[in-house]
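Please read them with the model open beside you.

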Amino acid sequence: MGIYMTRKLQNWVNQNGFEDITIVCDNEWYYDHAKTEVAYTMGKDPIVEETFKAYCRNCGLLDDFDPFILSFFHELGHYETFDIVEDDEYENDYFCKVALNMKEKRTRDDYFAYYDLEMEWMATAWAIKYIQLHTDEVRELEREIDIIRYWENSLIGA
């Protein structure tokens, strides 16, 4: 699953100045700095999607974008801002993420606290700025992604 999505996202990053990033499909969203790899998931978590969209609005994103697109650009934001975050802050943020993932019942406040961690906030801020500066291109990618997701989900159900 995700072959066409991976190919589309890989082509997009290559054509838009992120040539050294590799795109992979996995069980969750993440940026792996050691591999320069952005992972996406086709899975949906409505609570995470709703809270992340709300967080982006709170950070100044005026337009409504699909959570998949917001997450994709957020992960690119990790790539762009990785060297700005201090090592001790990175470690703190990492352990906070582990603690959140271990929690059985996560609340909206838990997610907002996580999104406020320095490295998460910086990645989101970068994503919002990029989206605002390149709205037409991002909208085009969003339309193509929606078509691919629909098509790939149809194949799975067949």
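1. Helix α3 is mostly covered, since 14 of its 15 residues are buried, where buried means under 20% relative accessible area, exposed means over 50%, and partly exposed lies in between, with a 1.4 Å probe and protein chains only. Helices (H or I, at least four residues) and strands (E, at least two) are DSSP runs, numbered from the N terminus.

2. Before going further, note that this is a predicted model, in which local features need pLDDT of at least 70 and side-chain atom pairs count only at pLDDT 80 or more, while totals for chains, interfaces and linings use all residues. Residues are numbered from 1 along each chain as its sequence is written, and side-chain values use heavy atoms, with hydrogens and water left out.

3. The chain holds seven helices and three strands, and along the sequence they follow the pattern α-β-β-β-α-α-α-α-α-α. Of the 158 residues in the chain, 44% are buried.

4. The length of α3 can be checked: its 15 residues (67-81) should span 21 Å at 1.5 Å a residue, and its end C-alpha atoms are 20 Å apart, which agrees. The expected span is 1.5 Å times one less than the number of residues.

5. Apart from neighbours within four places in sequence, His-74 is in contact (heavy atoms within 4.5 Å) with Phe-52, Glu-120, Ala-123, Thr-124 and Ala-127.

6. Contacts in the chain can also be sorted by separation: among those between residues at least 6 apart in sequence, 69% join residues at least 24 apart.

7. Turning to the surface, Tyr-150 lies in helix α7 and counts as exposed, because its relative accessibility is 62%.
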